[in-house]
Amino acid sequence: MQLYNKLSAKERETLLDEAGEERLTLSFYKYAKIGNPQLFRNHLFIAWDALDVLGRIYVAHEGINAQLSVPAKKFQEFKSFLDNIYFLENVRLNIAIEQDDKSFLKLKLKVRPKIVADGLNDDTFDVTDKGVHVDADRFNELIEDPNTVLVDMRNHYESEIGHFKNAVTPDVDTFRDSLDIIEADLSEHKEDKNLVMYCTGGIRCEKASAYYKHKGFKNVFQLEGGIIEYARQIENKGLENKFLGKNFVFDHRRSEQISNEVIAKCHQCGEACDTHVNCANEACHLLFIQCKSCAEKMENCCSEACQEVIQLPYEEQKRLRAGKKNSNKIFKKGRSPVLKYKSMPAETA
């Protein structure tokens with residue numbers, strides 16, 4: 001029985017081209033007690049592989065975090081499958097604002113210690129004592145209240161290309177880094193301010209809101225469904241859009257356009273730009289922001305050194321990167337010293 005993906009991304013891309021089917025990109029999460037994550041993971045893989053589901057899914061004792069792509073014609077079948085799992089019945093599905101049939105090219109289901117790496121000891125506080133969930137309308141009201149502190153629970157490379165007006169955007173690389181920093185910065189306002197949080201789809205705020213209530217914050221709120229659901233509601237309800245720029249997403253699309261403002265800058269020349277790319281040198285693959293002019297000049301590379309590498313024969317490039325890990329470079333996400341322009345914090349409108 002096949003329990004793992006056996007096709008390369010290139011092979012899968014070819015199959016998608018041949019199929020020519022419309023696909024839906026979506027995400028969901030659910031905190032729930034899963035007794036045997038490995039068994040649950042295998043159950044999901046067998047079912048979803050048969051439905052041609054692709055994506056990145058994490059399963060842990062504490063629940064599931066899924067970002068995936070499903071054939072549009074099989075969406076109802078996929079949803080029925082979820083509804084037959086007791087803790088996933090009617091789970092909120094965040095369907096992407098901008099669709100791309102190749103947002104994911106493989107089905108990767110992994111068992112992890114946690115569905116989000118938060119660095120918290122869940123036994124030390126009540127993870128079910130969460131903040132108040134608010135919709136887009138109420139969220140807009142709250143963030144205009146002078147007694148509100150609005151906090152972006154995402155990382156620097158996410159908020160760099162888009163964030164809510166007047167939001168505090170911590171300069172952090174990981175979610176776990178932000179938790180203590182935010183508490184320290186807002187320690188004087190635990191009782192007199194509304195702490196309003198948001199993230200991409202809501203999962204980071206779900207745990208953070210309970211943590212901050214445990215730490216003594218009295219008025220804790222979180223944006224229901226995150227930026228993805230907010231964008232949908234403002235369009236459907238005709239509400240004022242208070243988000244500036246793009247929403248960073250963790251698939252091949254890299255972002256969704258929420259407003260027309262460009263608040264970021266090219267990491268190589270400093271011109272207005274909010275397009276993330278990966279360095280063309282596969283041995284590097286650094287994720288950074290690059291404008292069209294620099295992309296042409298640098299041949300889609302992050303540095304002159306990488307530009308030299310891509311001129312080499314493919315087999316030589318392959319030999320040079322053999323046995324080397326590049327994940328640390330990839331996840332510098334705009335902080336690499338090879339980038340000539342050091343981006344400044346975006347001004348809040």
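This is a predicted model: local features need pLDDT of at least 70, side-chain atom pairs count only at pLDDT 80 or more; totals for chains, interfaces and linings use all residues.

I begin with Gln-233, which belongs to helix H8, the run of residues 226–237. Is Gln-233 buried or exposed? With a relative accessible area of 11%, Gln-233 is buried, because the cut-off for that class is under 20%. Which residues does Gln-233 touch, once the neighbours within four places in sequence are set aside? The contacts are with Asp-135, Ala-136, Gly-238 and Leu-239. As a matter of distance, Gln-233 and Ala-96 are 137 residues apart in sequence, and their C-alpha atoms are 13 Å apart in space.

A second pair may be set beside that one. Asp-177 sits in helix H6, residues 175–185. In sequence, Asp-177 and His-43 are 134 residues apart, and from C-alpha to C-alpha they are 34 Å apart in space. Asp-177 has a relative accessibility of 35% and therefore counts as partly exposed, since that class lies between 20% and 50%.

Next comes Asn-219, placed in strand S10, which covers residues 219–223. Its relative accessibility is 29%, so Asn-219 is also counted as partly exposed. Beyond four places in sequence, Asn-219 is in contact with Glu-191, Lys-193, Asn-194 and Leu-195. Asp-122 lies 97 residues from Asn-219 along the chain, and the two C-alpha atoms are separated by 21 Å.

I turn now to backbone geometry, and to two residues in loops. Asp-52 is not a glycine, although its phi is positive, at about 65°. Where does Asp-52 lie? Its position is the loop that joins helix H2 (37–50) to strand S2 (54–60). At 23% relative accessibility, Asp-52 is partly exposed. Glu-299 is likewise a residue other than glycine with a positive phi, here near 55°. Glu-299 is found in the loop between helix H9 (292–297) and helix H10 (304–309). Its relative accessible area is 34%, which means that Glu-299 is partly exposed.

Let me widen the view to the whole chain. How many helices and strands does the chain contain? There are 12 helices and 14 strands. The C-alpha trace spans about 65 × 50 × 40 Å along its principal axes. For 349 residues, a compact globule would have a radius of gyration near 20 Å; the chain has 21 Å and so agrees with that expectation. Of the 349 residues, 50% count as buried. Among contacts between residues at least 6 apart in sequence, 70% join residues at least 24 apart.

The chain carries 50 positive and 55 negative charges, whose mean positions are 5 Å apart.

I close with confidence. The mean pLDDT of the chain is 91, and 95% of the residues reach 70 or more. Where does pLDDT stay under 50? That stretch is residues 343–349, for which the model has 12 contacts beyond four places in sequence. Thank you for your attention.

Notes:
Residues are numbered from 1 along each chain as its sequence is written. Side-chain values use heavy atoms; hydrogens and water are left out. Helices (H or I, at least four residues) and strands (E, at least two) are DSSP runs, numbered from the N terminus. Buried means under 20% relative accessible area, exposed over 50%, partly exposed in between (1.4 Å probe, protein chains only). Contact means heavy atoms within 4.5 Å. The radius of gyration is taken over C-alpha atoms; the globule rule is 2.2 Å times the number of residues to the power 0.38. Lys and Arg count as positive and Asp and Glu as negative; His and the chain ends are not counted. The place of a charge is taken as NZ of Lys, CZ of Arg, CG of Asp or CD of Glu. pLDDT is the predictor's confidence in each residue, from 0 to 100.
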